[in-house]
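Have the sequence and the 3D view open as you read.

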Amino acid sequence: MQKIRRWTVSAARLFALIGFCGLFVLAVMTGADVFLRWLFNSPIAGVTDVSAIVMAAVIAACIPANLSLRQNLKVEILGGMLPARGTRFLDTLASILTLVFVVIVAWQMVLYAQSMRVSGERTWVLALPVWPWWTFASVMLIFGALAQLIVTLTDLQALLWPQTVDEQPVNDDPSLI
Amino acid sequence: MDLLTLALVGTVVMLGLIALHVPIGVAMALCGMVGFAQIAGWGPALSLMASEPASTMANLDLAVVPLFMLMGSLASVGGLATDIYDMASKLVGRSRGGLATTTVIASGGFGAVCGSGVATTATFGRVALPEMMRRGYSPAIAAGSVAAGGTLGIIVPPSSIMILYCVLTEESVLTLFTASIVPAILTVISYIVAIRLTVWLKPDLAPHGEAVALSERLKGIAAGWRPVLLAVAVLGGIYSGVFTVNEAAAVGVLLAFLFALFRGALTVRNFLGALAEASASTAMIYIMIFGATVFSYFIAVTGGATFLVGAIGSLDVPPPLIIFAFIIVYIILGAFFDEVASLVITLPFVLPVILHFGYDPIWWGVINVMVIGIGMLMPPIGINVMLLNSMYPEVKLGTIYRGVMPFVYADLVRLVILVLFPSLTLWLPSVMR
Amino acid sequence: ETLRFSSFEPPQAYVTSNILTPWAEKVAAASKGTLEIQMFAGGTLGRNPAQQLKLVEDGVADIAWVIPGYTPGRFDEGTVAELPFMVTESHKGSLAMWKMVADGHFKGDYEKFKLLCVCVSIPAFIGATKEIKEPKDMSGLKMRAPGPTQLAVLEALGAVPIGGITAATLAESISRGLISGSLIEWVASETFSADQVLTHYNTAALGATPMLVLMNKARYEALPAEAREAIDQYSGEAFSDYFGQEFDRYAASTRERIVEKHKPQVIDPDEAAVESWKAALVPATEKWIAARENGQAIYDAFGNALQAVSGAE
Ligand code: NA
Ligand code: NA
């Protein structure tokens with residue numbers, strides 16, 4: 001189990017890195033757009049046009065890593081007052097609900113991408129179809145659901161057979177504040 | 001079940017789930033969805049679970065958050081924090097407790113190129129804390145000034161919390177950034193006053209700095225050109241209209257990257273590290289915003305927020321008292337909840353009340369960010385304090401909490417001033433229009 | 001039955017408070033107690049204007065005020081109204097738009113919804129921070145470009161289109177000099193505070209904004225007969241007519257208010273000037289026609305529809 005977990009963590013981290021490389025490229029393009037406009041009054045057509053949709057793909061790519069590393073903001077007051085077993089029970093419950101959440105979002109996102117394809121929605125300026133980007137986002141969310149499934153199974157294992165769990169994988173805890 | 005009861009039950013269940021360790025975004029989204037389904041049916045409720053994440057992810061106002069996160073990470077990799085710290089120490093480092101003052105000023109300067117308070121704390125935890133301990137500062141004042149200085153990461157624009165607030169309230173990010181300039185300067189000044197008073201009362205807490213030759217000082221000051229240029233390019237560019245907030249963030253990322261590259265500080269490893277660091281906090285903020293919007297739609301269809309506004313509006317108390325009551329509730333909530341979480345959870349209820357009494361949402365945004373800043377220092381979960389303790393386990397939690405108290409008093413005094421004189425906040429945006 | 005009516009505008013904004021809400025009240029009153037219409041204004045059911053269409057499709061809202069320009073590719077035939085010098089006022093433009101639907105010229109997305117109102121704003125024109133007398137004054141001027149048709153118009157005039165500026169950031173983008181103006185009409189100018197920073201207007205009619213009030217078709221068909229009759233009585237041509245008249249009246253009073261308050265220079269181009277603008281903008285129209293299979297047919301039909309509604313008066 002721990003091995004599969006580590007494997008999903010690495011894959012998820014890779015996607016997040018690729019996503020953020022995409023963001024970096026977007027930043028470079030935006031910077032170029034600004035400088036061209038500022039110096040020569042001739043911006044690159046469509047930079048802002050694609051940024052919204054590229055952004056969506058970037059963010060979706062970060063979600064599996066966030067789930068597989070359990071980096072969601074939680075309030076863990078109660079756990080401090082409970083014995084270790086109680087905390088494990090709470091964490092398992094939270095993982096199951098998170099799994100329900102991601103499965104619903106992934107499922108609905110697939111339908112959303114389909115509806116974008118059927119309706120033929122396009123970007124404003126360059127008239128690029130938007131559905132491929134949403135399909136990519138759906139794939140990322142499906143992978144996110146898988147990653148969360150692994151996390152949930154790990155938690156169940158830790159709850160039911162604590163002796164079989166060797167050590168928890170690293171949990172870096174970044175914050176937005 | 002009538003709609004108000006449904007809203008109440010939904011809110012209670014949501015809070016209960018959060019107390020049971022369920023991630024905040026997940027708890028809000030699930031309760032919002034189930035509640036919405038009771039009113040509009042399951043089909044529409046389930047569809048919200050795609051259309052809301054989709055519009056959150058493609059929201060360009062929010063895209064500024066990952067960009068500013070990345071800029072901060074790259075600035076840290078490129079050694080800009082060390083530059084600005086050296087510069088500040090050459091400016092003010094000589095007096096008693098001068099390095100604590102240096103830390104606060106440098107944190108404020110770094111806050112102008114970094115949107116995160118925790119990142120600012122972690123950065124100066126590495127740069128400034130060991131230096132102060134080596135020079136014989138008491139651990140309390142050393143760690144206290146780093147933890148308090150860290151809050152300047154969100155109080156000085158750009159700030160991820162301000163962007164979050166603006167996205168949730170549909171206010172202009174630029175206006176909130178502008179409005180927070182004067183309060184941010186007040187914060188730095190009040191922290192300096194807090195340090196001076198503390199070392200004046202207890203001189204043994206901090207030694208004098210060493211005298212440095214004028215030429216050395218000028219050299220140190222000049223060495224700080226990189227962070228100054230970055231802050232001027234980003235904030236100056238936004239305020240002068242050369243570019244939009246999004247473009248400024250993109251340009252900031254590029255500049256921070258180039259500085260790190262040309263200084264030779266950038267390796268593939270730490271570049272990827274910076275990307276990973278920024279991406280982790282990004283996904284977290286998105287999931288939370290998404291949950292908050294689904295939940296707020298649920299509250300909207302029940303009419304719960306309208307009811308609450310009516311109820312509070314009919315109370316026979318002066319509005320400033322209600323504002324102070326809100327602030328006290330937020331500070332108490334901050335003891336149990338994460339402060340950002342309490343902002344996200346309460347905004348659907350609190351903002352309509354603020355607007356009902358005719359207060360400016362931009363002003364309330366500044367107050368809200370200040371309250372979050374205080375929460376980052378207050379026990380039991382003061383995130384900055386806990387972070388420093390995890391970086392330096394030999395400095396005990398109790399010591400750091402003792403060290404931040406003078407800064408918390410300064411925060412409270414400043415908060416009262418800002419509430420009583422809204423023009424301190426609203427004057428600058430009004431003249432910059 | 002209770003219907004949820006979503007508007008992204010705040011409740012006190014003009015269209016929501018003076019057109020949509022009274023319409024909902026009239027329908028409810030005519031429904032013999034079978035209908036209640038609850039307004040969700042200010043984005044309480046979805047804050048993103050681009051999302052309003054999806055709200056109706058998904059059944060989150062039953063009725064919504066939709067600006068199709070936010071979802072390019074949807075309701076594409078209707079963008080004919082965005083072309084310069086077609087629509088001259090909201091009332092006739094709205095009647096002509098409804099006629100296009102009734103005569104079966106608008107297909108695709110138009111057939112997927114119960115259309116309650118198909119209408120247009122008054123035409124947008126140039127609002128800028130310097131004097132714009134003739135087409136060549138536009139050369140090199142940075143202008144907001146919110147959609148493909150306006151983009152083509154600006155390009156034909158030699159202006160520099162700047163994307164990524166939302167309506168909410170319009171005024172501050174102008175006051176900071178990021179752009180020198182926008183294609184805009186009076187109501188939008190006042191709503192988004194652009195009137196406080198725009199100093200010069202040239203009212204050559206450079207294209208209107210199509211708008212729709214839509215209802216979920218399945219939801220409509222499932223309603224009792226009295227409810228459907230009440231909706232039908234106030235919808236279609238009746239609603240488009242009502243919307244257009246109200247919009248024109250409000251736009252005229254807004255113009256007076258803006259002129260009195262901010263004293264901008266307003267140029268109403270004479271016939272000769274209009275001809276020079278038309279000549280400069282031929283490429284934009286040609287581009288629109290060329291990009292669509294039936295472009296010419298729709299363009300001609302809309303021209304005829306506009307003539308027909310003008311003749312009828
Ligand atoms: Na900051
Ligand atoms: Na706290």
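The charged end of Lys26(C) sits over the ring of Tyr242(C), 4.0 Å from the ring centre. Elsewhere in chain C, Lys114(C) lies over the face of Tyr220(C), at 4.3 Å from the ring centre. For a charge to sit over a ring, NZ of Lys or CZ of Arg has to be within 6 Å of the ring centre and within 35 degrees of the ring normal.

A quick word on the ground rules. This is a predicted model, where local features need pLDDT of at least 70 and side-chain atom pairs count only at pLDDT 80 or more, while totals for chains, interfaces and linings use all residues. Residues are numbered from 1 along each chain as its sequence is written, chains are lettered from A and ligands numbered from 1 in the order in which they are written, and side-chain values use heavy atoms, with hydrogens and water left out.

Now for rings that meet rings. Rings of Phe, Tyr and Trp (its six-membered ring) pair if their centres lie within 6.5 Å; planes under 30 degrees apart count as stacked, over 60 as edge-to-face and the rest as tilted. By this rule there are 28 aromatic pairs over all chains. Here are two of them:

| Pair | Centres apart | Planes at | Type |
|---|---|---|---|
| Tyr330(B) and Trp364(B) | 6.3 Å | 45° | tilted |
| Trp186(C) and Tyr201(C) | 4.6 Å | 50° | tilted |

The chain B pair links distant parts of the chain, 34 residues apart: Tyr330(B) is in helix H19 (residues 319-336) and Trp364(B) in helix H21 (residues 361-375). Helices (H or I, at least four residues) and strands (E, at least two) are DSSP runs, numbered from the N terminus. Buried means under 20% relative accessible area, exposed over 50% and partly exposed in between (1.4 Å probe, protein chains only). Both residues also belong to one aromatic cluster, together with Phe326(B), Tyr359(B) and Trp363(B).

Trp186(C) and Tyr201(C) are buried.

Last stop, chain A. Leu160(A) lies in helix H5, and its relative accessible area of 46% makes Leu160(A) partly exposed.
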